[in-house]
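Please open the model in your viewer and keep the selection panel at hand. The stops below are given in the order in which to select them.

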Amino acid sequence: MTTCRLGLLLAALLLGLLLGFFPVTSTAVKPGVCPELEEEGNCTQECGSDTECPDNLKCCRAGCAMLCQMPNEKPGSCPRVDFPLTPLGICRDQCQVDSQCPDQMKCCRNGCGKVSCLTPVF
């Protein structure tokens, strides 16, 4: 008798999974690296894992917040820009994402409010 009940319970559980009554969580990690984000003061929880973000966005930490963000495609961090004066050179956007930069270089802020391909910090 208990075998019959166990069989019915397993059948009901399987049917529930197939029909979507019980959510199956996935912890698949999308490719790319989360960008360095400023801390969010309101602790917004847009996501808990990459699978909760649309398309190729990743679930990234910004202080106490979790936000869906466009990933950096290359590892490493952008170098810190602490210039007392605007740096000399080209002051225009040279890239939008890491993939537009050669080799290991990343698309980073260059100190004049624009972005350039720079050597990352590891």
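**Stop 1: a left-handed link**

Select cysteine 78 and cysteine 108: the torsion about their S-S bond is -80°, and the link is left-handed. The two residues come from distant parts of the chain, 30 residues apart, with cysteine 78 in the loop between β2 (65-69) and β3 (106-109) and cysteine 108 in strand β3. Helices (H or I, at least four residues) and strands (E, at least two) are DSSP runs, numbered from the N terminus. The sulfur atoms of cysteine 78 and cysteine 108 are 2.1 Å apart, and a disulfide here is a pair of cysteine sulfur atoms within 2.5 Å.

This is a predicted model, in which local features need pLDDT of at least 70 and side-chain atom pairs count only at pLDDT 80 or more, while totals for chains, interfaces and linings use all residues. Residues are numbered from 1 along each chain as its sequence is written, and side-chain values use heavy atoms, with hydrogens and water left out.

Colour by relative accessible area next; buried means under 20%, exposed over 50%, and partly exposed in between (1.4 Å probe, protein chains only). Cysteine 108 is buried at 1%, whereas cysteine 78 is partly exposed at 28%.

**Stop 2: two further disulfides**

How many disulfides does a search of the whole structure find? The search finds eight.

Select cysteine 91 and cysteine 112, joined S to S at 2.1 Å. Their S-S torsion is about 130°, so this disulfide is right-handed. Cysteine 91 lies in the loop between β2 and β3 and cysteine 112 in the loop between β3 and β4 (115-118), so the pair ties together parts 21 residues apart in sequence. Cysteine 91 is partly exposed, at 39% relative accessibility.

Move on to cysteine 101 and cysteine 117, with an S to S distance of 2.2 Å. The torsion of about -85° makes this disulfide left-handed. Cysteine 101 is in the loop between β2 and β3 and cysteine 117 is in strand β4, 16 residues away in sequence. Both cysteines are buried.

**Stop 3: aspartate 50**

Select aspartate 50, in the loop between α1 (2-19) and β1 (58-62). Is this residue buried or exposed? Aspartate 50 counts as buried because its relative accessibility is 7%.

Show distances from its side chain: the backbone nitrogen of cysteine 59 is at 2.8 Å, and that of lysine 30 at 2.9 Å.

Finally, display the residues that aspartate 50 touches, leaving out those up to four places away in sequence: Ala28, Val29, Lys30, Leu57, Lys58 and Cys59. Contact means heavy atoms within 4.5 Å.

Conventions:
A polar contact is a pair of N or O atoms within 3.5 Å; within protein, one must be able to donate a hydrogen and the other to accept it, and residues adjacent in sequence count only if both atoms are side-chain atoms.
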